[in-house]
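Work through the exercises below with the model open. Each task is followed by a stepwise solution.

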Amino acid sequence: MAEYSLLDEPWLPVRLIDGRVISLGLREVYKRSNEIAALAETAPPNLVAQYRLLLAILHRAVTRQCGHWRTVERARWYLGGLPVDAVCDYLESWQDRFYLFHSEYPFMQVAALDEAVETCDKRKPWTQISLGSANGNTPVVFDHALDSEPSAITPAQAVSMLLGFLQFTPGGLVKTLRSSDKAGALANTAAVIPVGGNLAQTLALCLHRPSQEGSDTDLPSWEREPLNVAQLSGDPVLASGPNDRYTRQSRAVRLLREDDGSIRWLRFAVGYPLADDENAPDPMTSFRSGSNGPVRISFHEGRAMWRDLPAILPGARKEGETSWPAPVINYAAALHEVETFDPVFQPVLIAGMASDQAKLLRWRIEQFRLPANLLNEPECAEYLQTLVADAEKLFVDLRYLATSTLTQTLPDPSSKDTRKRAQALLAAGPLATTYFAAAERALPEIMARLGEYDFDTAGQKWRNALHQGAFDAWQCMIIGLGGTPRAMRAEAQFYPRFRALLNRQVPGASLNASKEAR
């Protein structure tokens, strides 16, 4: 029995150019890709996974029709629309694999769980695959659902959750077929997606290159034979390419349909584990240099994503530096080098979820409007890297001075423990937020100046913003000290050093005179 075709059922939410939000099946999404501004999913993990699904389908369709296509073909699809006939022909040939409920080929699921001894008589609530819901011993904040009495959800909701879960699930205990399992391809990742004026342009910007080994080496999950228990119990397997990564079944799931068509329960087990491959990073993952090697860019509490822009942008890397941008940024940059392709700015969406081992921490979406010259002119990217590095260096020195000032106001200021306490108090206070907020407010204008190659003005405005941010942060810290004699002595002792720091690191910066007056 085959039911609920993802090709025809309206399950994928999209926002049209005119602002309306509707749901469409996969066929209509490609046919109307020029009318669709963007996908309208609100949960960041599900949104990224939906884009990856559309890219895998498009890649297989155009590879099937064109073989080894080149960047000029991508540019043509960007400017004139996607090869919809090729996509529709591809979907038609694999239509049996796009049913959410199918006895042999349920979409992105494992039918073998129905027969496996370990799972056939067990079921879990649908919240098991919802990254935004509480289940098991997960702490309850807003979600008070009971595992024993799950509410019903629609198939459209279920497939969106399933896609996001398979991509972003962290590694950890599963205890079915194996004691634990590997993480999804994008676990603890801020995924990067270059965005166009409509969905067709976005997919053209992000489309990965055809495989060099042949058209049938990098297959999505629906073109492979259904997973069996032996594969689920086996060792981790390297991805054969982006299509495999975009659709890897990192957990084995079987949705159980109620009589009314809704979903309350599912079967669950370890999945087809993805092995780590340092030589073939995920196309949407950027890395920055860490103390023990490259660290994938993720969302950190209290840290704005623009501070990691140097690692996201292409450009020359210093000797020994282990950071590199997401390959998808290079795909977009390649289009910007084509003569017929000449937009001044390239919007970039950064979305995903942060986790700590098996603990889910936060999800977020941010968008930047990057000057196109940052993508294909290394000297422009290097200049932005310098500006961001200047902001980080000033903050490190500002924090050191603020810590020293606060330490002098506490009992036993010569003790190491007192300084650690001062550091903790500053970390919990507004120092970092105030400083970096001033820089972030100036960022759009800085980007605009860089797009015009006006580096001098960009640099001056950036120094002004850093000066203002440091001054405001220092004032907040001083106000927090109170008006005690000890606080006043500490301020008098360290304020000259603070002024010297500003003169040294942001020379020539201007500040509103009324604010600077003491």
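In which strand is the place of Tyr4? The place of Tyr4 is in strand E1, residues 2–5. Strands (E, at least two residues) and helices (H or I, at least four) are DSSP runs numbered from the N terminus.

The model is predicted: local features need pLDDT of at least 70, side-chain atom pairs count only at pLDDT 80 or more, and totals for chains, interfaces and linings use all residues. Residues are numbered from 1 along each chain as its sequence is written, and side-chain values use heavy atoms, with hydrogens and water left out.

**Exercise 1. Positive phi**

Step 1. Most residues other than glycine have a negative phi. Phi of Tyr4 is near 60 degrees, a positive value. Met108, also not a glycine, has a positive phi of about 55 degrees.

Step 2. Met108 is found in the loop between strand E5 (99–102) and strand E6 (124–125).

Step 3. Buried means under 20% relative accessible area, exposed over 50%, and partly exposed in between (1.4 Å probe, protein chains only). Tyr4 has 14% relative accessibility and therefore counts as buried. Met108, at 5%, counts as buried.

**Exercise 2. A helix pair**

Determine how H15 and H16 are oriented, and which residues join them.

Step 1. The axes of helix H15 (residues 455–481) and helix H16 (residues 485–505) come within 11 Å and cross at roughly 175 degrees. Axes are lines fitted to C-alpha atoms, for helices over the stretch in contact, and angles run from 0 to 180 degrees between N-to-C directions.

Step 2. Angles under 35 degrees count as roughly parallel, over 145 as roughly antiparallel, 65 to 115 as roughly perpendicular and the rest as oblique. H15 and H16 are therefore roughly antiparallel.

Step 3. Contact means heavy atoms within 4.5 Å. H15 contributes His467, Ala470, Phe471, Trp474, Ile478 and Leu481, while H16 contributes Ala487, Glu491, Phe494, Tyr495, Phe498, Arg499 and Leu502.

Step 4. Sorted by class, these contact residues are 10 nonpolar, one polar and two charged. Ala, Val, Leu, Ile, Met, Phe, Trp, Tyr, Cys and Pro count as nonpolar, Asp, Glu, Lys and Arg as charged, and the others, Gly among them, as polar.

**Exercise 3. Aromatic rings**

Step 1. Rings of Phe, Tyr and Trp (its six-membered ring) pair if their centres lie within 6.5 Å; planes under 30 degrees apart count as stacked, over 60 as edge-to-face and the rest as tilted. The count by this rule is 15 aromatic pairs.

Step 2. Phe287 and Trp324 lie 4.9 Å centre to centre with 40 degrees between the planes, a tilted pair. Phe287 is in strand E12 (residues 287–290), and Trp324, 37 residues apart from it, is in the loop between helix H9 (309–312) and helix H10 (327–336).

Step 3. Phe287 is buried at 13% relative accessibility, whereas Trp324 is partly exposed at 29%.

Step 4. One aromatic cluster is formed by Trp306, Phe395, Tyr435, Phe436 and Trp462. Arg307 lies over the face of Phe436, 3.7 Å from the ring centre. The criterion is NZ of Lys or CZ of Arg within 6 Å of the ring centre and within 35 degrees of the ring normal.

**Exercise 4. A buried leucine**

Step 1. Leu54 lies in helix H2 and counts as buried at 0% relative accessibility.

Step 2. Leaving aside neighbours within four places in sequence, Leu54 is in contact with Leu12, Leu26, Val29, Tyr30, Leu39, Leu199 and Leu203.
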